[in-house]
Amino acid sequence: MIRSALRDPLAHFLLAGAAIWGVLALAGEPVDPAERSITLSREQQAGLALAFERTMGRAPTDAELDARVDQWVREEVLYREALRLGLDEGDPVVRRRLATKMDELAGAEAELARPTEAQLAEWYRDHGTDYERGGILNFEQAWFPTREAALAARGEDRPQGQSTSLPRTMAKADREDIARAFGTAFADEMLALSVARDWQGPIRSGYGWHLVQLYHREEGSVPPLEEVRDRAERDWRGRTIQARREKAYQLLRDAYTIEIE
């Protein structure tokens, strides 16, 4: 009966959720390598079954679940013995993997969450321009390695900037075209500008700083939420996970005193 329940997808989510909270509650308490007793809880078994289902697209059979349990026990034994030998010390791969796992734990709850209609509608009101269709810009840009250099050239009739492989002009470019060439942050700032004879900026991209002359603009339109619901929900989830990770990191970071010599 227990194994039958463990193959129930609903039980997987309920028990895995409990496991996540259990792990979060215990975060920071390292495994004692001297402890020779290993316990695999019901919640941890549900977590193994859920991981199998995510990979294979179906619940595991009894034999497959037994194999996962055997593999988990093997890894736990070898992991504890590796800790006893101090093999984790000074290993950048282990260090990075543990840091990544802490990030994943912080965002785990949001991975299964679905926004309410009110949450998604509010989020879409704030981010609707990301989904704009049909808007195009014609502009010219000049690149500078520093903000100060860009500011110094802004009073010129036609700033030249420095030579780069970036396009000097873009015509009939929508947000995606601009983002591919200069990055999403640059594209968002360009979309916020009005047409003007004067050069505007500086605007920062991943390459440096830019003065821009926006000489033509055709407004686009933001589609109704219903037309982009799946994409909007994915974006909401991704940014919620990132926000949770940053919040968890800041809570931990604030407990440390950092000195960088």
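These notebook entries record what I looked up in a predicted model of one protein.

**Entry 1. Ground rules.** I worked with a predicted model, in which local features need pLDDT of at least 70 and side-chain atom pairs count only at pLDDT 80 or more, while totals for chains, interfaces and linings use all residues. Residues are numbered from 1 along each chain as its sequence is written, and side-chain values use heavy atoms, with hydrogens and water left out.

**Entry 2. Overall layout.** I looked up the elements and found 10 helices and 4 strands; these are DSSP runs numbered from the N terminus, helices being H or I of at least four residues and strands E of at least two. From the N terminus, their order is α-α-α-α-α-α-β-α-β-α-α-β-β-α. I noted that 30% of the 261 residues count as buried (buried is under 20% relative accessible area, exposed over 50%, partly exposed in between, with a 1.4 Å probe and protein chains only).

**Entry 3. Helix α4.** I checked the length of α4, residues 62–84. The expected span is 1.5 Å times one less than the number of residues. For its 23 residues this gives 33 Å, and the end C-alpha atoms are 33 Å apart, which agrees. The buried residues of α4 are Leu65, Val69, Trp72, Glu76, Arg80 and Leu83. After α4 comes Gly86, with a positive phi near 70°.

**Entry 4. Salt bridges.** I counted 16 salt bridges, each a side-chain nitrogen of Lys or Arg within 4 Å of a carboxyl oxygen of Asp or Glu.

- Glu81 pairs with Arg84, the closest N and O atoms being 3.1 Å apart. They are 3 residues apart in helix α4, so about one helical turn separates them.
- Glu233 pairs with Arg237, the closest N and O atoms being 3.2 Å apart. Glu233 counts as buried at 11% relative accessibility, and Arg237 counts as buried at 16%. Salt bridges that share partners join Arg114, Glu233 and Arg237 into one network.
- Glu227 pairs with Arg133, the closest N and O atoms being 3.0 Å apart. Glu227 lies in the loop between β4 and α10, and Arg133 in the loop between α6 and β1, so the pair ties together parts 94 residues apart in sequence.

**Entry 5. Aromatic rings.** I searched the whole structure and found 5 aromatic pairs. Rings of Phe, Tyr and Trp (its six-membered ring) pair if their centres lie within 6.5 Å; planes under 30 degrees apart count as stacked, over 60 as edge-to-face and the rest as tilted. Trp123 and Tyr131 have ring centres 6.4 Å apart and planes at 70°, so this pair is edge-to-face. Both Trp123 and Tyr131 are buried. Phe182 and Phe186 are stacked, at 4.6 Å centre to centre and 25° between the planes. Ring pairs also link Trp123, Tyr124 and Tyr131 into a cluster.

**Entry 6. A charge over a ring.** I found the charged end of Arg147 over the ring of Trp209, 5.9 Å from its centre. The rule requires NZ of Lys or CZ of Arg within 6 Å of the ring centre and within 35 degrees of the ring normal.
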